[in-house]
Amino acid sequence: MTTPKPGFLQRLQSKWQLKSLTQVLLVLLVFACTGTTILLIKNPLLAFFGIERGGGFVNTLAYLLLVLPLYQIMLLVYGFIFGQFRFFWVKEKQLV
C-alpha cells in the first residue's frame with residue numbers, strides 16, 4: 001500500500017516552512033492582492049511618468065525600475081495587513 005502524495009497546499013506549506021494550511025492560504029491571498037493592485041495601478045503610474053505602453057528598451061527599463069520595486073513594497077504592505085509580514089520580510093531579505 002502506498003502513502004498518498006501530499007496535495008498542492010501541503011507541498012507549499014512544506015516548501016515555505018509554514019505552520020498551517022491557513023497560513024499558506026493567507027500567503028497566497030497576499031500574492032493575489034498584490035498582483036491585482038499592481039495590475040490596477042501599473043498603467044496610471046507609467047502614464048504619470050510619461051512612459052507609453054509597448055516595447056522599447058527605455059520603456060522596459062522604466063517599467064522594471066518603477067513597477068518591480070513597488071510590487072515588493074506592496075507585498076510587505078499586504079503581508080502586514082494579513083499578518084504575514086515576517087514571512088515576506090524574510091523572503092525579501094533573501095532576494096538582496
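At what angle do helix α3 and helix α4 pack, and how far apart are their axes? In this predicted model, helix α3 (residues 57–81) and helix α4 (residues 85–95) pack at an angle of about 160°, with axes 8 Å apart. Angles over 145 degrees count as roughly antiparallel, and α3 and α4 are therefore roughly antiparallel to each other. On the α3 side the contact is made by Q72, L75, L76, G79 and F80, and on the α4 side by F85, F88, W89, E92 and L95. By class, the residues of this contact are 7 nonpolar, 2 polar and 1 charged.

**The chain as a whole**

The chain has 4 helices and 0 strands, and its elements run α-α-α-α from the N terminus on. Its radius of gyration is 17 Å, well over the 12 Å that the globule rule gives for 96 residues, so the chain is more spread out than a compact globule. Taken along the principal axes, the C-alpha atoms fill a box of roughly 60 × 30 × 25 Å.

Buried residues make up 25% of the 96 residues. The chain exposes about 7200 Å², and carbon and sulfur atoms supply 68% of that area. Among contacts with a separation of 6 or more, 47% are accounted for by residues 24 or more positions apart.

**Helices α1 and α2**

The axes of α1 and α2 come within 9 Å and cross at roughly 85°. Angles of 65 to 115 degrees count as roughly perpendicular, and α1 and α2 are therefore roughly perpendicular to each other. Helix α1 contributes L9, Q10, L12, Q13 and W16 to the contact, while α2 contributes L21, V24, L25, V27, L28 and F31. These residues divide into 9 nonpolar, 2 polar and no charged.

| Helix pair | Angle between axes | Distance between axes |
|---|---|---|
| α3 and α4 | about 160° | 8 Å apart |
| α1 and α2 | roughly 85° | within 9 Å |

**Residue L18**

L18 is found in the loop between α1 (8–16) and α2 (21–48). Is this residue buried or exposed? The cut-off for buried is under 20% relative accessible area; at 9% relative accessibility, L18 counts as buried. Leaving aside neighbours within four places in sequence, L18 is in contact with Q13, Q23, V24, V27 and F87. Of these partners, Q13, V24 and V27 also take part in the contact of α1 with α2. L18 and F87 are 69 residues apart in sequence, yet their C-alpha atoms are 8.6 Å apart in space.

Notes. Residues numbered from 1 in each chain as written. Predicted model: local features only at pLDDT ≥ 70, side-chain atom pairs only at ≥ 80, totals over all residues. Heavy atoms only, no water. Axes fitted to C-alpha atoms, helices over the stretch in contact; angles between N-to-C directions. Helix = DSSP H or I, 4+ residues; strand = E, 2+ residues; numbered from the N terminus. Parallel < 35°, antiparallel > 145°, perpendicular 65-115°, else oblique. Contact = heavy atoms within 4.5 Å. Nonpolar A, V, L, I, M, F, W, Y, C, P; charged D, E, K, R; others polar. Rg over C-alpha atoms; globule rule 2.2 N^0.38 Å. Buried < 20%, exposed > 50% of the residue type's maximum accessible area, 1.4 Å probe, protein only. Areas by Shrake-Rupley, 256 points an atom, 1.4 Å probe, with all protein chains shown as cover.
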